[in-house]
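Okay, thanks for making time, everyone.

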There are 4 protein chains.
Amino acid sequence: MTEDLLPTLAAYEEAARAALSPRLAAYFLAGAGAETTLAANQEAFGQVSVIPRHLRDLRGGTAQARVGNLRLSHPLIVAPFAYQTLLTPEGEIATAKAAAAQGALMTLSAQSATLMEDVRANGPSCLWFQLYWQTTREATLALCQRAAWAGFQALVLTIDAPVNGVRDAEIESGFALPNGARAVNLTDQPQPNFAPLGEGESAIFDRIAHIVPIWKDIEWLLDNAPLPIYLKGILHPDDAALAMKAGAAGVIVSNHGGRVLDCAIASLRALPAIRQAVGPNAMVLMDGGIRRGVDIFKAIALGADAVMVGRPVIHGLAVAGAAGAAHVLRLLQDEFEIAMMLAGCRTLADISPECVHLNW
Amino acid sequence: MTEDLLPTLAAYEEAARAALSPRLAAYFLAGAGAETTLAANQEAFGQVSVIPRHLRDLRGGTAQARVGNLRLSHPLIVAPFAYQTLLTPEGEIATAKAAAAQGALMTLSAQSATLMEDVRANGPSCLWFQLYWQTTREATLALCQRAAWAGFQALVLTIDAPVNGVRDAEIESGFALPNGARAVNLTDQPQPNFAPLGEGESAIFDRIAHIVPIWKDIEWLLDNAPLPIYLKGILHPDDAALAMKAGAAGVIVSNHGGRVLDCAIASLRALPAIRQAVGPNAMVLMDGGIRRGVDIFKAIALGADAVMVGRPVIHGLAVAGAAGAAHVLRLLQDEFEIAMMLAGCRTLADISPECVHLNW
Amino acid sequence: MTEDLLPTLAAYEEAARAALSPRLAAYFLAGAGAETTLAANQEAFGQVSVIPRHLRDLRGGTAQARVGNLRLSHPLIVAPFAYQTLLTPEGEIATAKAAAAQGALMTLSAQSATLMEDVRANGPSCLWFQLYWQTTREATLALCQRAAWAGFQALVLTIDAPVNGVRDAEIESGFALPNGARAVNLTDQPQPNFAPLGEGESAIFDRIAHIVPIWKDIEWLLDNAPLPIYLKGILHPDDAALAMKAGAAGVIVSNHGGRVLDCAIASLRALPAIRQAVGPNAMVLMDGGIRRGVDIFKAIALGADAVMVGRPVIHGLAVAGAAGAAHVLRLLQDEFEIAMMLAGCRTLADISPECVHLNW
Amino acid sequence: MTEDLLPTLAAYEEAARAALSPRLAAYFLAGAGAETTLAANQEAFGQVSVIPRHLRDLRGGTAQARVGNLRLSHPLIVAPFAYQTLLTPEGEIATAKAAAAQGALMTLSAQSATLMEDVRANGPSCLWFQLYWQTTREATLALCQRAAWAGFQALVLTIDAPVNGVRDAEIESGFALPNGARAVNLTDQPQPNFAPLGEGESAIFDRIAHIVPIWKDIEWLLDNAPLPIYLKGILHPDDAALAMKAGAAGVIVSNHGGRVLDCAIASLRALPAIRQAVGPNAMVLMDGGIRRGVDIFKAIALGADAVMVGRPVIHGLAVAGAAGAAHVLRLLQDEFEIAMMLAGCRTLADISPECVHLNW
């Protein structure tokens, strides 16, 4: 622990906004468009209150979560986010050390600025690898196989960003990737090579739509990939059902932290219907809007098996590198256990819809 | 493209407010009264969120819309607004060039500061002409016929402003039409010549009510006009049904951008019931509150065939003339296509009420 | 008309706040407690939107209202408020002149700083007199009789203030009645003469409750008074029904402008149930929160026969005396007629609940 | 009364915030976490409006409340809060004098900085003693017995804080108990002596959960304690029912003033279901969010027999010691009686759910 550590999660957020340049703050913290979804994600949590139970026997309880074949000490997973060397010199390795220190599962972004093999070597709990579709089935599968060889145990395929969202803040800040930040794991991947648009043709429908995956591609990948795959970015119950039917390891309810389609529904608002659609046994994770330990509690009450957190980790990294990220994870874990005790829940199974009151 | 172009739609709005004099800002951008409806129009969009679908085959999709007998590249029409020479020297011709550059249908205001024939000559996509009732049936029909001779293909009759609204901002700013801005297409139209009010008489009910149209006049006009006519300003389902029954080409759900009856219901709130009332085949357009491409998506999901935009075009004109207006239209079109892809919609027919979640 | 006249109702409000001393602003414009009800009155209007109808034949329409045996040019009555000489030297006479100039019925407050006979002599449309219960039946009746002799045609008995509310703003401003402002019509009225409180006695329940009226007193007064009496301050449907059953001329739905019981329900929220309770033929007035002509429309749509306005008249008086008050009344009347035309209503009977959409 | 007394409850709050050091303000006035529950407590009151009745006979009415075997002059009890010597030199004795002066029941905190016997000796109306579970049954019972010997007549066992909440404001302020403020009544109580955590052990579930009480402990205490015990911190109807079944004297609906589990449901929101669960005869108190006399009225309307107030008393103490606290209590009592009269309620039994309108 360094003297840079801050006492509260809110203090990390405030300090990170001050520490980051406006361009980096725009890149890492802002949302798409008018940031409607970014705000809605947090507002949805604010509209859920907890109805605690008291005086129950909580001895021997635990915050442990099962996610796939992993048993996690807490239902808290580091979300994938790109180019972490922009936040702290060690980049993804700092995050991996932080996650390992707190026993938190980490998801490495395919847009990592550090080689996946190096992160794995420094990150015993960095067991998941996130990727986007790589233009072709073969290129996508090759990336999956490399992740398997590197020792990752599951994959997270992000499906909600066939095109970038319109990120006003990032655009207005003039953000561009600085020298030295590269997606080093993707240097050999095929790049789309589009013919010029003809009269009346649409870049979206006549070019990009030809290289983005459809369900048949996903089914093929799920059949051929060497690792279980979670589909990230699901917001509609029918898509969740299709994902599970296609053989996904689980679904991650997400709107990409409000960074892709502005005005997409808040993740937490989408969660209950998705849990309903896939049944009690499917793996359902979520992200978007979690800032405090009690938010994890609320997400689990509304159907999540575990949650992913991105921005709080960014705050920790920006303020104090690995130690900051570790501290943020620890604060979230501690707050979550405190919330469990204060709400009278001995295990995650006790955290049910009856524990919360919805004001929406 | 000039160096004046700005990176985002929000930047255009902010810059336009700075570029316009307070009086012009009050005239072009403000609403009636306490601007309750102006705000409600946008708030209604904010209360709609999108539930995207993923991994669908979008190849060969299109944002094309059919409006009457026109096929538009996008369901985005330039709304009529008056005296555009106050915004940029070329006035309506600048807007017409911008619309043509982006393939957008433009509606010319009868209160154009430029002769309709000149705009038509410079505006291949300026195909609609908007007018108010001209005191008498004959004068109104004559204006319609002149528009037909000028090559316009449809008319938009605005019916929601038999009197002006009470525009506080405009009044307080001291706005008056400057020299050189005139409704040059209306110089020969008859002006009302009211007798002085007698004891107990009301200007509204005993004078103005005698020169404004009623349904019988509209039916006559629809029977006699040389062009199809859309009725603009409809907010009640029964009025929409009456319009279609009378032979209107379609209805335009609108509260005049919040500029006439302050406290009128938000256009988007009124839209679903109107679509319900007229059935799936009637042409239903809307305006009021659209600021981003995703707003077009929401309007279509709730029943519109296409939308009209006014203020965003004003922003573009005020900042950078024709180039600015063209850029704004392009940003809206691009954002709309991106929203379609991110929401998993291949054509406008895919954009249904199931794509959105209403928080009202 | 003087050059002091302002262009909009909002401008009068802003200017009045600037023109009045903090103490007078606190006395005339503030509400009780945390001003929750004061705000709620206006918020309730903000939650009602109008769904206009178009193209109806409005010729020969009128804004006339029938209130008791009076036919008013508009459903707009000046509410009673005290000590008007604090606002403008002529005091109540200025208001009476303004009301007469606009043909508006005025209600004179019993706490007038001007003799009722003098106001009547200068106020042909000052036909209503407002009073509180005067400790005894006899004293109350005597005041009613004096009003009848003075030529008033109806009485308004305010029943919602058996004790003052807790007016924080007034208390904190240090307001006290300045020399020269006196309730000159009440100088001979009996004053309560309370015995000192004994151990465990309550000023409220053991003193004040003994001198405030109960339904039996009101029934007696209604039987004996020389004029019809409206009961002002009703918020509960059952009280409205009791009032009508007891023989009141009508009820005035009011929370005393948010000046007595802070947290009382907004008048407009209470109105529909009260109209429902008393049936279509009973006279139902309302006040509280009306700032624009369209607010009058909303109140009538939700069941009022006419409305009372206080603060807007105060604004006018404070800014420009009688001329200001007259101008404010005229702006309200004009805005109301404009709202009628824009909403497609030819008479007050057309203004029904179907004309509005409730967002509460 | 000193010249320090302020005219309104709001003035006391504002002045207290100015008078207290940031650290003391953080300790006494802030809430846990993001202060969501602190705000929600007050917002819930803001969403309740009163529908007054008029012209009823209120002679001989009273604000008296029965709580257990006590008859209180008002349904207003001083809530327990710790270390009052930090607010005013006399500490709890100042509060006790204030409570006695206004005839208000006071609850002494076990974390009193003054010996309970000394407070009792100076506080004829300080009849309740609040405590937390003291690690063991025996230690808890011993504390209860000492309170009984000291003359307290009932106990309040706070059950909602088995661990502290995460109090950001307090943490960030750097608050630590200054020298001289000690929980002098607890000096002999056993302190938990935890073994170091082993691999994978949780401080919450493997240590703290072993020393906090469960229902069996409470049942034992209720069977053996020399005084009736109220359980404080109940928010779930089932816990309320369990408490009454176990023999509690009553339940206190509370979220600890938003100071423990941030995001816990607002007390007032939880109240109606709890009254419903325990039936009309059980004693149900509440605290959290009461700032004005009318708030007491609302709480009673929604099911409370009486309320506890903490922060307003803190405001009074911080501004003007015992006199300030007494004045605050008096203002609350007076405002409550005024609200009763204005709402037409002669006794607490008249204050029913029909008296309020819920906007939630």
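This is a predicted model: local features need pLDDT of at least 70, side-chain atom pairs count only at pLDDT 80 or more; totals for chains, interfaces and linings use all residues.

Residues are numbered from 1 along each chain as its sequence is written, chains are lettered from A and ligands numbered from 1 in the order written, and side-chain values use heavy atoms, with hydrogens and water left out.

Back to D and A. The contact, meaning heavy atoms within 4.5 Å, takes 39 residues from chain D and 35 residues from chain A. Between them they bury about 3000 Å², with 68% of it on carbon and sulfur atoms; buried area here is the accessible area, with a 1.4 Å probe, that two parts lose on being put together, summed over both.

Chain D can be laid on chain C by a turn of 90 degrees with a 0.0 Å shift along the axis, and the RMSD is 0.0 Å. The two copies are thus related as by a four-fold rotation axis. Here 35 residues of chain D touch 39 residues of chain C. This pair buries about 3000 Å², 68% of it on carbon and sulfur atoms. On the chain D side, D:H54, D:L55 and D:M341 lose the most area to chain C, together 27% of what that side buries.

And which pairs don't touch? No contact joins chain A and chain C, where the closest C-alpha atoms are 14 Å apart. Chain B and chain D have no contact either, with their closest C-alpha atoms also 14 Å apart.

On to helices, which are DSSP runs of H or I, at least four residues, numbered from the N terminus. Axes are lines fitted to C-alpha atoms over the stretch in contact, and angles run from 0 to 180 degrees between N-to-C directions.

In chain D, α10 (residues 237-246) and α11 (residues 267-278) pack at about 40 degrees, axes 8 Å apart. α10(D) and α11(D) are therefore oblique to each other (under 35 degrees is roughly parallel, over 145 roughly antiparallel, 65 to 115 roughly perpendicular, and the rest oblique). The contact is made by D:P237, D:A240, D:A241 and D:M244 of α10(D) with D:A273, D:I274, D:A277 and D:V278 of α11(D). By class, that's eight nonpolar, no polar and no charged residues. Nonpolar means Ala, Val, Leu, Ile, Met, Phe, Trp, Tyr, Cys and Pro; charged means Asp, Glu, Lys and Arg; the others, Gly among them, are polar.

Over in chain C, α12 (residues 293-301) and α13 (residues 311-343) pack at about 60 degrees, with axes 7 Å apart. So α12(C) and α13(C) are oblique to each other. Their contact residues divide into nine nonpolar, one polar and one charged.

How values were computed: Helices (H or I, at least four residues) and strands (E, at least two) are DSSP runs, numbered from the N terminus. Copies are superposed by least squares on the C-alpha atoms of residues with pLDDT of at least 70 in both.
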